[in-house]
Amino acid sequence: MKKTLLRRIAATTAAVAVAAGSTSCGGKKENSIKVKQKDSKQLMSAAYRAIEIETDIDNVSDIYRLDNDNILITGRSNEDYSSLFYTTDNDFSEFKKLDLSIPTIEHGNVDTQCSVASDGEILVLASFYEYGEDADIYDPELFESEEIKEDGEKKEDENKEDTDKSEEEKKESEEASEPATAEVLEAEKKEIASENADEDADEEFDEFDEDDYMDEGKHYSKLYVVDVNGNIKSEKDVEGTDALTYGVGNIVAIGGGKALITAWDEAGEAHYVLNADGTLGEEIKCDEIDYLYGVVAVDKDTLLMYGYAQSAAGMKFIFKDSNTFATKDADFNFDDASDEFSNAQFYAGSGDYKLYASTSEGFFGIKEDGKSEKLIDWIDSDLGSGSMSTFITMENGDFVAVFNDYYSNNGGSTLYRLSKRDPSELSNVKVLTIASLNGTWELNEKVSAFNKAHDDVRFKVIDYSKYDEYDEETYMLKSSGEDQFKKDIVAGDVPDMLVSYSNGPVMSLANKGLFADMYELIDKDPDLSREDFLPNILKAGEFKGKLVAFSPSFSVSTLAVKKKFTDKENWTVDDLISTYENRANKDMHLMGNDTKDSVLELLYYSLGDCIDYEKGTCSFDDPEFKKLLTFCDGFGASQMFDEDGKISFDDDYSAEMEEYYGSAAYSKEKVLIYQDYLGYTDGLVSLLNGDLAGEDFTLVGYPSNDGKGGIISTEQTYAILSTSENKEYCWELIKGTVTEEVDDENMRYNYGFSSLKKNFDKTLDTCMSKPYYIDPDGKKTEYEYSYYDGTNSVDIKPLTKEQRDFISDYIINSTKAVNDFGSEVENIIQEEAMSYLKGEKTADEIITTLQSRISLILSEQH
C-alpha cells in the first residue's frame, strides 16, 4: 500500500512539475509549459446563433409541429394562468390565437394539459374542479377583504370614543389627523390589513379541511381532439376519474387518439393509458423506477420511461411497446447514454439521432449505437444557464426552441430560433478557455454577457466538475476535476483561466509559477485600484505577495458565546477547552449534537493552521492539533455509521435532543456556542437582533493558534494562468463579476458579500432600514425583518449604526480562508478522519500518518 501511495504521489507531483516549470542553468525557475494552439472552430463547434422570436404570447411553455406548414405554441395567461393556444407558420411572422371553446366554471377552475402526437393530432385533457356556490373553500383574497372591512370598522369605533375627550384634546387630535381624515382612515385600513394578512391567512389555512373541500366539490375530466384551426373534432368524457382526484401532471400523446397520463391518487403517483374513447385504461407499472422523470414516444411503436432507480443508484431506462405496454428490449445501445445523461430530459430523435437529450450544459443527439454528439452548447450560443423544454426542427437544420433561463434578470421562458454558426465567422475570433472546477450558473451568466458584448473575443467554459466521482460508501472522491486539470496541463491543454470552489487548488499549485499576479492588472486598471477592494479578501488570495486568487464575493463563518462565559474575542484552542470544561452547568452541551464527528467537523475549520503552501510544510504534529483531537475524544461515539460501518444519513435522534438545536437552545443555555454564517442582510439582522439578542455575546470564532477565528468562505475563486496571452481580457471578465450594480431591493436576497468596498458598504447600510419590495404597480412597500425563536416568527428592528459598524469591522478583520486544501490533501484528511471516527486509529496514529503523507505531497509541490 505504501508503494502504491508513493507512486501515485510521485506521478501527480512530477506531472505538475513538468507542466509548470523547470530549473534553468542559473537556478531560476522559469515557466516552460508547452501550450497547444487553440482551434477556435473546434472549440466552438457547438455554437449556434440564438435569435429571439418576438411574440405577444404570455409565458410561452411548449412548441409542437403539427404538419409541414403549421406549428402550435402554448402558453399561460398572465391574468388567470389559464392555458393559451396559438398557431403560426414556418416564418413565425403571425400568431393566430385559438379559442378552443372549453367551458369555464364560475365557482371553480379548469386546468388543461396538451400534447401532440407524431401524426400531428392535438390532444387536450381538461380537468374541471367545480366547488359549488356554497362550498366552504379557502379564499385568501376574500378573507383579506373582510379583514380590511373589519379593521376599518374598529378604527371608526375608536374615532367615536373621541367624543368624550376635552375640547383641547379634540382640537389637537383634529390637527394631527388633517388634511383628510377619510383618506388617512383608508390608508390606515390598508396598512392594518397588510400587516395582518399573512398571519390571518395562515390561520384561515389551518382551519381549511381538505377532505370537506374534496367531498363538497365535483371533479371530472374531458378529452378533446382539436384541429389546426382550434375546432373541437371530438369530445369525450373521461371515465374512471377517481384515479385523477389530485390532478394530472403530464399527458403524452402516443398516436391513435391514445395518450399516457400521469396522475395522483391516495397511493401517490400513477401512470395510466387514456383511450381514444375517453375510458381510462390499464395502469402502466414501472416498478424498476422509483422516481419517474419523464415519458417519451420514441417512435410509433416504442415508449421510453426514465427516472431514478435506487437499485441502480442512478438513472434507469425502461422501454415499453406502445400497443401492448409490455416491457421490451431497445433496438439500439443505450448503456453509454444512460450513464452520461443522468440529469437530462429526453425527446424523440430525428435523422441520424434516435433520441435527443437536453441538459444544463447543452443539447445532444444520441445515435443508435448509443454514442452522443453535442449539437448545441448553451454558453457558446450566448444563452447562459438554463435548459430547453420543447423544440421543433426546421427544414434548413435550425431549431426553434423554448429555452428556460432560470437565472437571468428576466427569468422565465423565451422562444428562440437557433441557427448553426458558420465556421468562417469564428476564424478571426480569439477563443479563451476557462477551466471550471465547479460549474456554476453564475459563471455561465457572466461569460454569456461578456461574449454578447464582444465580437473579437469569446470565452469558452470547460466544465471539469463532470470528472468528480465519489465512492458510494465513503463519499470520498475517487477522481476529481482538479486531477484532470493537472493532466490536461501536462498534455499542453492549458486554459487561460481557472475558476474554483475555493483558493485551495490555486494555492496548492502556486509554487510552480502557474498563475499570473493580478495585482499587475489591477494597477493598470483605469477604473479600479487595490484600495477599492476589501483588504482581507486580497490578503486571502495572496501567495508570496502576489495576488494569484481573487473572489468576487464571500461569507464569514464564526462562533458566538455569551459574554458571561468568555469575553475574549477570537479564542485559541486552550480558550475553547477551558471555557467548556469550566462551565458551571455540566449538562450544557458544547453544541447541538455532542458527538465526536460533530465536534470534529466543527474543529475542521481550524485545520488551515496546519498547512503552509508557501513554505511547503505542514504541522499536524503540533501540540495544538493534538489538543483538538484529544478534546474530541471526550465526546460520544460517532452517529455517522450504520452497523456495517457505512456512512448513514438517517437522523435517528431522540425527541429529547430537539431542545439542543437552534437559537432557542443558545438563549436557554442548553448549548455553549452558536454557529452562524455571515453572508446576507437578513442573516445579519436576524443574528444580532434575534438569535443573539437579550444578552451580551462575544464572537469567538473558530479556535486557532493566533486567535483569529473568523473564517472566510469564498463563493468562487478566479485565477489567470501565467501562460495566457490575453490576461487583460481575463481581468475584464473578473472585473465584471464584482463591479455590477445591484439595486437595493435585490441586494438583500444575494448570498455573499461583495469584495468591492462600495458594494460591501452598501449591503451593510441596507441592514439599517426596513426591507421592502416593489409591487406590480411600482409602489414601494416596507415590511419587518423577522427571525424564528424556536416556536414563532418574531418581528425585529433593523440594525443600529453601532451594530452595523461592529459587524462590518468583524467581517473585514477576518483574514483566514476556509481550509485552502487541494483535492489530494483533502482526501487524505477525510480518509484519516474516517478511520479516527470509526475507532480504527488513535489520535496519535492519525497525527503521524497525516504529517507523513501530507509532508510528502507539499515537499513535491514546493
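This is a predicted model: local features need pLDDT of at least 70, side-chain atom pairs count only at pLDDT 80 or more; totals for chains, interfaces and linings use all residues.
**Cavity.** Which residues line the largest cavity? I listed Asn503, Ile537, Ala540, Gly541, Ala549, Phe550, Ser551, Ile712 and Thr714. Two elements, α12 (535–540) and β39 (711–714), each give two or more residues to that lining. Sorted by class, I have five nonpolar, four polar and no charged residues there.

**Helix α23.** Next I checked the length of α23, residues 843–861. At 1.5 Å a residue, its 19 residues should span 27 Å, and the end C-alpha atoms are 27 Å apart, so that agrees. I also looked up what is buried in α23: the list includes Ile846, Leu850, Arg853 and Leu858.

**Salt bridges.** Opposite charges on side chains can pair when the charged atoms come close. The structure holds 34 salt bridges, and I picked a few. Lysine 562 meets glutamate 669 at 3.4 Å, N to O. Lysine 562 sits in strand β34 (residues 553–562) and glutamate 669 in the loop between α16 (662–667) and β37 (673–678), 107 residues apart. Glutamate 669 also forms a salt bridge with lysine 564, with the closest N and O atoms 2.4 Å apart. That pair ties together parts 105 residues apart in sequence, because lysine 564 is in the loop between β34 and α13 (573–581).

Are these lysines buried or exposed? Lysine 562 is buried, at 3% relative accessible area, whereas lysine 564 is exposed, at 53%.

My last pair was aspartate 805 with arginine 804, at 3.3 Å, N to O. Arginine 804 is buried, at 8% relative accessible area, and aspartate 805 is partly exposed, at 26%.

Technical notes. Residues are numbered from 1 along each chain as its sequence is written. Side-chain values use heavy atoms; hydrogens and water are left out. On a 1 Å grid over the protein atoms alone, a cavity is a set of points where a 1.4 Å probe fits but cannot get out, and a pocket is an open set with protein on both sides within 12 Å along at least five of seven lines; lining residues have an atom within 4 Å of a point. Helices (H or I, at least four residues) and strands (E, at least two) are DSSP runs, numbered from the N terminus. Ala, Val, Leu, Ile, Met, Phe, Trp, Tyr, Cys and Pro count as nonpolar, Asp, Glu, Lys and Arg as charged, and the others, Gly among them, as polar. The expected span of a helix is 1.5 Å times one less than its number of residues. Buried means under 20% relative accessible area, exposed over 50%, partly exposed in between (1.4 Å probe, protein chains only). A salt bridge is a side-chain nitrogen of Lys or Arg within 4 Å of a carboxyl oxygen of Asp or Glu.
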